[in-house]
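Please find below a colleague's note on the model under discussion.

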Amino acid sequence: MTKKDDDIDVIDRVTTKTTPKTQKPSMYRVLLLNDDYTPMDFVVVVLMKFFNKSIEEAEKITLNVHKKGVGECGVYTYEVAETKVMLVTDFAKQNQQPLKCIMEKNE
């Protein structure tokens, strides 16, 4: 709206402030899968090296992988999970181990 005020146009303005709505990012579980060839000691090393697990935590997860066929290494954002899967997969290949590391959306 424009008004005349002493021969000067004055514009009434309404300022609105919008606050952006941010959502929490989706989280992904990084999992190790059991196979018949990868030594348990190698899995422990992977868990300690790439997931900062203590020796006790690493051994517990390794036993889950061995007994249940799968073990959870951690829950991360997509980019972090993807990077960890890639690092573990590359490390396993460099060491000629068939260890499989995958990620899945955390429900």
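How many aromatic pairs does a search of the whole structure find?

1. The search finds 4 aromatic pairs. Here, rings of Phe, Tyr and Trp (its six-membered ring) pair if their centres lie within 6.5 Å; planes under 30 degrees apart count as stacked, over 60 as edge-to-face and the rest as tilted. The model is predicted, so local features need pLDDT of at least 70 and side-chain atom pairs count only at pLDDT 80 or more, whereas totals for chains, interfaces and linings use all residues. Residues are numbered from 1 along each chain as its sequence is written, and side-chain values use heavy atoms, with hydrogens and water left out.

2. Y28 and Y78 form an edge-to-face pair, with 5.2 Å between the centres and 75° between the planes. This pair links distant parts of the chain, 50 residues apart: Y28 belongs to strand β3 (residues 27-33) and Y78 to helix α3 (residues 78-94). Helices (H or I, at least four residues) and strands (E, at least two) are DSSP runs, numbered from the N terminus. Y28 is buried at 16% relative accessible area, while Y78 is partly exposed at 37%. Buried means under 20% relative accessible area, exposed over 50%, and partly exposed in between (1.4 Å probe, protein chains only).

3. F42 and F91 form a stacked pair, 5.4 Å centre to centre with 10° between the planes. F42 lies in helix α1 (residues 40-51) and F91 in helix α3, so the pair ties together parts 49 residues apart in sequence. F42 is buried, with a relative accessible area of 12%; F91 is also buried, at 16%. F42, F50 and F91 form one aromatic cluster.

4. A charge also sits over a ring: the charged end of K84 lies 5.2 Å from the centre of the Y76 ring. The criterion is NZ of Lys or CZ of Arg within 6 Å of the ring centre and within 35 degrees of the ring normal.

5. The open sheet has 3 strands in the order β4-β3-β5, with antiparallel pairing. Why is one side of β4 and of β5 left without a neighbour in the sheet? Both β4 (70-77) and β5 (100-105) stand at the edges, each with a single partner strand, so one side of each has no neighbour there. Two strands pair if DSSP finds at least two bridges between them.

6. The antiparallel pairing of β3 and β5 runs over 6 bridges. The bridge partner of R29 in β5 is E104.
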